[in-house]
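User: I would like to learn how to read this structure feature by feature. Could you take me through it?

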Amino acid sequence: MIDVADEATAQMGAPASPATSNPTVPVAGRASARPATGRSAGRRGSGPFRKGLEITLFVAPALALLGLFVVVPIARAVQISFFKWKGYGDFERFVGLDNYRRVLENPEFIEAFQHNMIIVVASIAIQLPLGLAIALLLNRKMRGQGILRTIIFVPYVLSEVIAGVIWYQMFVPNEGIIDTVLSSVGLSGPKQGFTGSLEWALPAVIAVLTWKYLGMAIILFLAGLQGVPEELYEAAQLDGASWWQIQRRVTIPMLGPTLRTWAFLSMIGSLQLFDMVWVLTGGGPANATSTMATFLVQQGTQRSNYGIASAASVILFIVALVMALLYQRFIMNRDNTATVVRRKKVSR
Amino acid sequence: MSTATAAPKGAAAAAATKTARRTNRSTNVMRGGNPWIYFIALIVVAFSLGPVLYGVISGFRTNGDLIRNPSGLPDPWVLKNYSGILSDSNFWRYTLNSTVIALITTALVVICGVMAAYPLARYKFKGREGIYTIFVAGLLFPATVGVIPLFILIRDLNLSNTWWGIALPQAAYALPLTVVILRPFLQAIPNELEEASQLDGASRLGFFWRILLPLSGPGLVTVGVLAFVGSWNAYLLPLLLLLGDNKTLPLGVADFSAEHSTDIAGVFAFTSLAMIPALIFFLAMQKRIVSGLQGAVKG
């Protein structure tokens, strides 16, 4: 099956095959296919109505699921955010934007927001160079490559709860393995343990996140590296480029779309972070590791402030949306048009 | 089947260039064998596997040993933690729940996902990019945003505390990523194949069934495995939606570690056993996942 897919992409990527050597052929093919379907409507049973019906039937189930279980609840969350509501009875006490004001003025929420931002930046700042360096080094024929990639993938596969429980035990002060190892080399961790200390708890969470998600970055970068045409390396070598020059001038620029997409996914994930923090620290100590998600779950489930929780969730969504749009606008948009052309040119 | 002729030709050409590349490869700078590379690989392996192995091995300790000597090997090795968990009916109950919920979620995601991705990838129509944007925007909705209303909705649908009550919303939240991965995958299937199948008289639906679905196998496996593991590992939705007998393994792990806070070795054993099924399943599928993700990230 994989080979089949390779054929498909190989054909796309290698316009040397007779059918695509003339760049106008696919365009012409498309253009002529359209009127042809109109003319032979009887045979293909198409026409705009039939086509519309097909589109509707195919897209409807997914849109229905998305609508019922994602859009409707979120719309309800927006509605609830305008009320003071404790989880039962009708919505009676309309409070307008008061919940939003209270969330935005709440130092706990501001702190949680700052933690999210720190995690967004730290995840990319740590995992991007580290993952890229490791991927570049491992991108070669070597023994045990398959098993290596499998092992790198392991932390990503584990649930955040399981990873969190294991790391929680490793971070236990004095008796946990991390403190034991530190004391055996003459160092000592903070008295309350890493996850219990005000200044170390957030770095500890970031460290565990790095452990869990670095492998995913490496695997994605390696996959992206496979897409760099071999001819480029050969050409660069013929020109006498060193390994480092090849990486810097050829490989990394060609990896651009992969890196940008990865960073986008990483950013969204960091903004929504909940499970790991909840298991590892519960947002504590003294909110030192709270995120917007832990804030709203605490408000909702533990304090039954559904109005506040909903307002916080809407703010979380708006923050994610604005950041995503800015990212798409200023960073990703280079990929959508430019790289396709560039990729084609390069492989020619 | 003149539709097939295009593919073998291309395949032969691709295979030829591939073997040519391989032979070239052994003589260029991309060659391995540098001991430093193996050293770095070893560090990466230790970093990735260390905590996991620590958890698994600690499951073989006694609690006293765990406190006295957490960094050495177990002394003595005991099986009672693992056997205790394996004879715990709750553990099997949670495993069954996790499995069924993950299977329902996966089926829903793959079927609805490929159906939605097909027109978005290969039809030209007004509003196509608009619909696609809905799915992309869906990536931004964390389950947390709508979780309280979702809880009420599931209750009103009489699905509270049932397998479907958790699988349906999970599938809905997994769909955006599925469509985003599958669309470029389906787009990459050459137009020549579609034109050839049209010439042979196949309708668009015929093309979908006979050519597109078989060719997109790796992509479907990718999104299927991602959905399965996503469901298997999910925490927040089950935490708020499932109770008692219907809990899934992550809830079980969290509960167990809270209830047995003094039996740390038991916690490690429970945790280790809970991660095995997803680990095996995912690692077995790893190659296909990577080839699928590759398409998504490049696109």
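User: Is B:L220 buried or exposed, and at what relative accessibility?

Analyst: This is a predicted model, so keep that in mind throughout. For burial, the general idea is a cut-off: a residue is called buried when its relative accessible area is under 20%. B:L220 counts as buried because its relative accessibility is 17%.

User: Where does B:L220 lie, and which residues does B:L220 touch?

Analyst: Start with the element, then look at the surroundings. B:L220 belongs to helix α11 of chain B, which covers residues 217-233. Leaving out residues up to four places away in sequence, B:L220 touches B:V110, B:V114, B:L182 and B:L213.

User: What does the whole of chain B look like in terms of helices, strands and buried residues?

Analyst: Chain B has 15 helices and 0 strands, and 56% of its 299 residues count as buried. For contacts with a separation of 6 or more, 74% join residues 24 or more positions apart. The accessible surface is about 12,400 Å², with 67% of that belonging to carbon and sulfur atoms.

User: How is chain B divided into domains?

Analyst: The domain assignment gives domain 1 at 34-78 and domain 2 at 88-298. To read such a pair, check both the spacing and the contacts. The C-alpha centres of these two domains of chain B lie 32 Å apart, and 10 residues of domain 1 are in contact with 8 residues of domain 2.

User: What are the corresponding totals for chain A?

Analyst: Chain A has 16 helices and 2 strands, and 51% of its 348 residues are buried. Here 68% of the contacts with a separation of 6 or more link residues 24 or more positions apart. Chain A exposes about 15,900 Å², of which carbon and sulfur atoms supply 64%.

User: Which annotation covers part of chain A?

Analyst: An unreviewed UniProt entry carries the annotation "domain: ABC transmembrane type-1" for residues 113-327 of chain A. In the model, that span is 74% helix and 0% strand, and its end C-alpha atoms lie 18 Å apart.

User: How should I read a surface patch on a helix?

Analyst: The general idea comes from helix geometry. An α-helix has 3.6 residues a turn, so residues three or four places apart point the same way. In this structure, a nonpolar surface patch is formed by A:I318, A:V322, A:L326, A:F330 and A:I331, with about 440 Å² of accessible area together. One of these residues, A:L326, lies in helix α16 of chain A, residues 306-347. A:L326 is partly exposed because its relative accessible area is 45%, between the limits of 20% and 50%.

User: Which residues of helix α9 of chain A are buried, and what do they pack against?

Analyst: In α9, residues 177-184 of chain A, the buried residues are A:I177, A:I178, A:D179 and A:T180. They pack against α8 (160-170) of chain A together with α2 (35-58) of chain B. After α9(A) comes A:G186, which has a positive phi near 90 degrees.

User: Where is A:N106, and is A:N106 buried or exposed?

Analyst: A:N106 sits in the loop between α5 (98-105) and α6 (107-138) of chain A. A:N106 is buried, with a relative accessible area of 18%. Setting aside neighbours within four places in sequence, A:N106 is in contact with A:F295 and A:Q299.

Key: Residues numbered from 1 in each chain as written. Chains lettered and ligands numbered in written order. Predicted model: local features only at pLDDT ≥ 70, side-chain atom pairs only at ≥ 80, totals over all residues. Heavy atoms only, no water. Helix = DSSP H or I, 4+ residues; strand = E, 2+ residues; numbered from the N terminus. Buried < 20%, exposed > 50% of the residue type's maximum accessible area, 1.4 Å probe, protein only. Contact = heavy atoms within 4.5 Å. Areas by Shrake-Rupley, 256 points an atom, 1.4 Å probe, with all protein chains shown as cover. Patch = residues over 30% accessible without salt bridge, like charges linked within 9 Å, V, L, I, M, F, W, Y side chains within 5 Å. Salt bridge = Lys/Arg side-chain N within 4 Å of Asp/Glu carboxyl O. UniProt positions renumbered as here; feature names shortened; annotations may be inferred. Domains from an automatic or database assignment.
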